[in-house]
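Please look at the sequence and the structure shown here, and then read the report that goes with them.

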Amino acid sequence: PVEVKKIVCIGAGYVGGPTCSVIAFKCPHIQVTIVDLNQARIDAWNDPDFNLPIYEPGLVDVVKACRGRNLFFSTEVDKGIAEADLIFVSVNTPTKKSGLGAGFAADLNYIELATRRIAEVSTSSKIVVEKSTVPCRTAESMRTILEANAKPGCNFDILSNPEFLAEGTAIDDLFAPDRVLIGSLQSASGKSACESLANVYANWIPRDRILTVGLWSSELSKLAANAMLAQRISSVNALSAVCEATGANIDEVAYAIGKDSRLGPKFLKASVGFGGSCFQKDILNLVYLCESLHLPAVAKYWHAVVEMNEHQKDRFSKKVVDTMFNTITGKKIAVLGFAFKKDTGDTRESAAITLVNHFRAERAHVSIYDPEVTESTIMLDLTNYGEISAESVQKNVKVAKTAEAACCGSNAVVIATEWDEFKTLDWQKIYDSMDKPAFVFDGRLILDREALIKIGFKVTTIGTGAI
Ligand code: NAI
């Protein structure tokens, strides 16, 4: 196997940034350059005060330790490619908005453009690694493009190395992953390339956690993992509706079933619905794959996971309106949390967006607070990136600087993200500052329901029926 000395990562986003920063941190003998076409993003990665473009606990320390040593951020994509022995392709693969497969299939345009760039500027052989989440058999298309455009003497080995980190815990996940998965062709050169990449990870990850499989299994495993994870959430959310209707309590049910060692306790928290850039996108991608393989029953099965998630968000919004005497028009609703989960500033597909849109449609006044999401990001999400005018959104949406300010004078507080700081707010003080009756809707099951009821709040918690 080739000894990897220089790595380039194409795409300095939520995956490329943390992943390759950790590789640089753990492998001081390897030079790592992370490139992106987005100048503002690269400038932020290079910010002298380390105001990095993404918030992730522990990330700043990793970047501080190696930036300028063996970790570089640059917009010089071609130079980065030309110098590297190993190339991570970590570009975005969003759901297609138009054309064939719109609303389901992954948009592979960014992957193709990056692949064509690699073919064009490479003057030596490379190991090309798919880090992005892609449909099964994308590596084959990449290989065709690379081989058709390669300079003489340049060989390309393609590996699949999907990323399993979770936003909010990315650095911990990268330091000690449950497993690293590498897929390769089973040819001699495929296996040798696989060994080269495995040797990079082996600098800090025990060998028995580095799994090597075939290319197609590796690609499919990423979609499968996300589909199964999201399915657990939709299953528990479906049960939360039954709990509310019967007087059962979803936390108690989750605790009871999680003790079964075949099920395990993790990922059984009911909520207002999952968000994030991956679950929905990857399931829709799997659904599309199944449809194209003429497996409609399989496609329908997985699609139900996304449908249940939409249902949960709608059900929760409806519950807010129903509970507040069937109208929220003109009422003030404080939404605490806008990120799709705690410990990240990422709002992609956040349930909070859907909730606020529902509240706006009912002509409520919404006041939003999130510790990590900026006002400009919130406005981009609520205007659907400029599709709706900012003025019309600002008419009934305000962004507050503190949770207390968001809640002051409101009729209801809605917990949309499970930030720890919401648990320890002075709820008595908040109650005193609100209109009465004061409602709390806990969409994340993080608050002490009994304590809030004692203060005087009317509390509605996901998955908790009247006793
Ligand atoms: P992102 O949108 O944050 O980052 C992608 C970056 O690639 C952007 O900054 C974009 O400017 C850049 N880019 C696109 N085309 C380029 C090109 N031709 N040359 C140079 N730069 C280019 O996306 P994110 O979240 O990092 O996701 C990347 C991939 O990783 C996706 O396929 C996603 O499904 C997958 N993934 C994401 C996870 C997450 O938690 N966000 C977890 C695991 C996988």
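The report below turns to the ligand, then to the domains and the interface of the domains.

## Basis of the model

This is a predicted model, in which local features need pLDDT of at least 70 and side-chain atom pairs count only at pLDDT 80 or more, while totals for chains, interfaces and linings use all residues. Residues are numbered from 1 along each chain as its sequence is written, and side-chain values use heavy atoms, with hydrogens and water left out.

## The ligand and its shell

An oxygen atom of the ligand lies 2.6 Å from a polar side-chain atom of T93, and an oxygen atom of the ligand is 2.9 Å from a polar backbone atom of T133. A side-chain N or O atom of E167 is 2.7 Å from a nitrogen atom of the ligand. The protein buries 91% of the 830 Å² that the ligand exposes when taken alone, the areas coming from the Shrake-Rupley method with a 1.4 Å probe.

## Two domains

The domain assignment, automatic or from a database, gives domain 1 (6-205) and domain 2 (238-461). Taken over C-alpha atoms, the centres of domain 1 and domain 2 are 33 Å apart.

## The domain interface

In the interface, 20 residues of domain 1 are in contact (heavy atoms within 4.5 Å) with 18 residues of domain 2. The two domains bury about 1500 Å² between them, 56% of it on carbon and sulfur atoms, buried area being the accessible area (1.4 Å probe) that two parts lose on being put together, summed over both. Y55, F104 and E167 supply 44% of the area that domain 1 buries against domain 2, more than any other three residues.

One salt bridge (a side-chain nitrogen of Lys or Arg within 4 Å of a carboxyl oxygen of Asp or Glu) is found across this interface. E167 forms a salt bridge with R348, the closest N and O atoms being 3.5 Å apart.

Definitions and conventions. A polar contact is a pair of N or O atoms within 3.5 Å; within protein, one must be able to donate a hydrogen and the other to accept it, and residues adjacent in sequence count only if both atoms are side-chain atoms.
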